[in-house]
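Hi,

Here is the structure I promised to pass on to you. Have a look at it first, and then read my notes below.

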Amino acid sequence: MKKIYLKRGKEDSLLRFHPWIFSGAIHHIDNEIEEGDVVRVVSEKDDFIAVGHYQQGSIAVRVLTFKDVDINDEFWHSRIQSAFNMRKSIGLIGNSNTNAFRLVHGEGDLLPGLIVDVYGKTAVMQAHSIGMHLARKAIANAIANTMKGQVENIYYKSETTLSFMEPENGFLFGNSEDNIAVENGLKFYVDWLRGQKTGFFVDQRENRALLEKYAQGKRVLNMFCYTGGFSFYAMRGKAEIVHSVDSSAKAIELTRQNVELNFPNDNRHQAYCEDAFKYLESISADNDKSYNLIILDPPAFAKHRGALHNALKGYTRLNEKAFEKIEKGGILFTFSCSQVVTKDNFRNAVFTAAAQAKRKVRILHQLHQPADHPINIYHPEGEYLKGLVLYVE
């Protein structure tokens, strides 16, 4: 196994089991190391520290293990089995009411660079590192063996996450056109071929269920609706009306299909393909666009630390506009999925928005990602989803 030598003192974070090694910590590397290689990380004195995947960039090594072991079929099976056991312990395996969940959540499952979501009989695997891409077939074998009888198809989808490599999407196991999954008894179509991420955002499952409890009799606006998850939960919660908004025509079509799948011919729902800020600007008590329950679930405004300042301005502007438009006594569900935006960053942005809109606001709930998106205690960066439920006077 090829070696990477660290500079003196740069092993401290690794001794605390943080799974990333930054390029600036490297003293030198063995010749002929290629991107995606499994490497042995050692101190300046050649003492073993970790084994991981090498890749050029700021994060040079993603640590797979702090034990001096081979990365082979047995290793992949052990890691996938561990992830499976955790989901089973929290009631997500064999649950007829919910067959959509995350099986592998990167660093949270000690598999940095790998995401696996399960939708019924199909697992969708996504690599975020070249090393995981190169190991895809061994990982797929481990998933198939671990979930035999439960997962029959494994679809690999990394064209968007590793676009510089142009990896080919496609089935590694099986082949299925059955793309309907179930979450808390509600059905939805999963577009794992062309949709964002793995095809659906399973991380909002518990937050959607909470929204359903607040929806009765409400006039609901679901901004950045994507495939309409919050919308069909609001429908089941007996909302008076539900309006879904997204700038993507494809997302709006999927939202309409998902609402129709659960509530056929229900005229309470309307979907609009429009820019979020333009739509919010158009809201007025003088027309049919007035709301007392609004969901703001935008895509990540900051994907790296350099974009943090502008992202916080964006969250403030978006929430300020929602505070201005929501009816008195309304409820706002607002989220950030930007990893570099901390809980305090986000809360301060929303606080600023409330002050600028001159609204009295109370926090009802502080929301986060569900248990199948675990956070490695040694990797706090894994806590990416933040949310607030607010009562607005």
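Let me begin with Glu 281, which is partly exposed, with a relative accessible area of 46%. Please keep in mind that the model is predicted. The side chain of Glu 281 meets that of Lys 321 in a salt bridge, with 2.8 Å from N to O. This pair links distant parts of the chain, since Glu 281 sits in helix H8 (residues 276-282) and Lys 321 in helix H9 (residues 308-325), 40 residues apart. Lys 321 counts as buried because its relative accessibility is 16%, and the cut-off for buried is under 20%.

In total, the count comes to 16 salt bridges. Another one is formed by Glu 183 and Arg 208, whose closest N and O atoms are 2.9 Å apart. Glu 183 belongs to strand E12 (residues 180-183) and Arg 208 to helix H5 (residues 205-214), so this bridge ties together parts that are 25 residues apart in sequence. Both Glu 183 and Arg 208 are buried.

Helix H7 (residues 249-262) gives the largest share of the lining, four residues. By type, the lining has six nonpolar, three polar and five charged residues.

Enjoy exploring!

Best wishes

Note on methods
Residues are numbered from 1 along each chain as its sequence is written. This is a predicted model: local features need pLDDT of at least 70, side-chain atom pairs count only at pLDDT 80 or more; totals for chains, interfaces and linings use all residues. Side-chain values use heavy atoms; hydrogens and water are left out. Helices (H or I, at least four residues) and strands (E, at least two) are DSSP runs, numbered from the N terminus. Ala, Val, Leu, Ile, Met, Phe, Trp, Tyr, Cys and Pro count as nonpolar, Asp, Glu, Lys and Arg as charged, and the others, Gly among them, as polar. A salt bridge is a side-chain nitrogen of Lys or Arg within 4 Å of a carboxyl oxygen of Asp or Glu. Buried means under 20% relative accessible area, exposed over 50%, partly exposed in between (1.4 Å probe, protein chains only).
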